[in-house]
Amino acid sequence: MQQSNLIAPIIIAIGLVVAAIVFAIVGVLLQTADVGTELRVGRVEEQLQTSQVEQGRLDSEIRQLRTDISRLKDDMAVLAAQSDAGSAPIPSNNWTNEEQIGEHTDTEELTEEMQLAKTRFNTGITQPRNRTMLDVLGHPRASYGTNCQPVTNAKLKALMETRQVGPIRVTMIKPALESLERIMARLQDSDPDIYAAVGTAGAICARLIRGSRSSVSNHSWGTAIDVKLEGKLDGFGDGGTQFGLLILAELFNEEGWFWGATYNREDSMHFEVGEETLRRWAAEGQL
């Protein structure tokens, strides 16, 4: 009778022990599940954040590529429009070339010598594209047209100055003016007749380049100048150049300026500060 009375409490005690063990196991399992879930959620969140950053980078590259494509289309349209003018025969007396010997009457030989002459200029100097100009100096203004408009960028305006540089009065950014002064001083010493004949068709002019709907002229930043001699502009896109501009081009090149005569659509009156010079000025704190 006493044994039967003990069985019930023993069973109850065993049940309580088993229940406690089960409860503990379930608790451990639930805790482990919570930790695993948190880890998985954390990994998913990290992957999502990484994907968003990568997506942003790709979107930025796509926008830049679309902009570049648009500019390339504009440039191709301009080149196509100028192709007839650019294929005109070049008079041999418009070029100086140390390799030129004797008389030349064949049009193909004249074209070849024009190319040889071009290789003498802009060596080691890169034409600054819009991407470079925007990177170094920012946008001169919020919008552009085909006609000259004022610069509205406050930082760029602060760099501008109008100055009498030798025989010409010009508005450009200060480092460009100082460089131009050195060029004119050397020209006055070496070729006073050319120095006396130098004039300008303008420098600062915030606008789009000829024939383009998106590419901004480097005149917009006050880093380019158009030069004329004896009041006459060199013919645009005709493949030739005034003799005096050849002398000037050597001096501009030595100061790190790019000469427009080597463009696909020749623009011999045009000189602009080269990319390497601009970046050096920026590194020196001049911009």
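**Burial, core packing and cross-links in the predicted model**

T132 is buried, with a relative accessible area of 8%. This residue belongs to helix α3, and, apart from residues up to four places away in sequence, T132 touches E275 and R279. These values, like those that follow, were computed from a predicted model.

The protein contains eight helices and six strands. Along the sequence, these elements follow the order α-α-α-α-β-β-α-α-β-β-α-β-β-α. Of the 287 residues in the protein, 38% are buried. Among contacts with a separation of 6 or more, 62% are between residues 24 or more positions apart.

The largest nonpolar core comprises 45 residues, and I225, L248 and F271 have the most contacts inside it. Helix α7, spanning residues 243–254, gives the most to this core, with seven residues. When neighbours within four places in sequence are left aside, L248 is in contact with M184, L187, V198, V227, L229 and F271.

Two of these partners of L248, M184 and L187, are also found among the buried residues of helix α5. An α-helix has 3.6 residues a turn, so residues three or four places apart point the same way. Helix α5 covers residues 174–190, and its 17 residues should span 24 Å at 1.5 Å a residue; the end C-alpha atoms lie 25 Å apart, which agrees with that expectation.

F271, another partner of L248, lies in strand β6, which comprises residues 270–273. In a regular strand the side chains alternate between the two faces of the sheet. Strand β6 is joined to β4 by three bridges, and the two strands run antiparallel. Within this pairing, E272 of β6 is the bridge partner of A224. Strand β6 also pairs with β5, again in the antiparallel sense and over three bridges. Here W257 stands opposite V273 of β6.

Five aromatic pairs are present in the structure. In one of them, the ring centres of F252 and W257 are 5.2 Å apart and the ring planes meet at 65°, so this pair is edge-to-face. F252 and W257 are both buried. A further pair, formed by W259 and F271, is stacked, with 6.0 Å centre to centre and 5° between the planes. Because W259 lies in strand β5 (residues 257–259) and F271 in strand β6, the pair ties together parts that are twelve residues apart in sequence. The relative accessible area of W259 is 0%, and this residue is buried; F271 is likewise buried, with a relative accessible area of 0%. Together with F121, the residues F252, W257, W259 and F271 form one aromatic cluster.

The model contains one disulfide. A disulfide is a covalent bond between the sulfur atoms of two cysteines. C148 is joined to C205, with an S to S distance of 1.7 Å. The angle about the S-S bond is -95°, and the link of C148 and C205 is left-handed. This pair links distant parts of the chain, 57 residues apart: C148 lies in the loop between α3 (130–137) and α4 (154–159), and C205 in the loop between β3 (198–202) and β4 (224–229). The two cysteines fall into opposite classes of accessibility. C148 has a relative accessibility of 53%; because exposed means over 50%, C148 counts as exposed. C205, at 7% relative accessibility, counts as buried.

N122 has a positive phi of about 60° although it is not a glycine. This residue lies in the loop between α2 (107–118) and α3, and at 8% relative accessibility N122 counts as buried. E230 is likewise not a glycine, yet has a positive phi of about 50°. E230 lies in the loop between β4 and α7, and its relative accessibility of 65% places E230 among the exposed residues.

Note on methods. Residues are numbered from 1 along each chain as its sequence is written. This is a predicted model: local features need pLDDT of at least 70, side-chain atom pairs count only at pLDDT 80 or more; totals for chains, interfaces and linings use all residues. Side-chain values use heavy atoms; hydrogens and water are left out. Rings of Phe, Tyr and Trp (its six-membered ring) pair if their centres lie within 6.5 Å; planes under 30 degrees apart count as stacked, over 60 as edge-to-face and the rest as tilted. Buried means under 20% relative accessible area, exposed over 50%, partly exposed in between (1.4 Å probe, protein chains only). Helices (H or I, at least four residues) and strands (E, at least two) are DSSP runs, numbered from the N terminus. A disulfide is a pair of cysteine sulfur atoms within 2.5 Å. A nonpolar core is a set of buried Ala, Val, Leu, Ile, Met, Phe, Trp, Tyr and Cys residues joined through side-chain atoms within 4.5 Å. Contact means heavy atoms within 4.5 Å. The expected span of a helix is 1.5 Å times one less than its number of residues. Two strands pair if DSSP finds at least two bridges between them.
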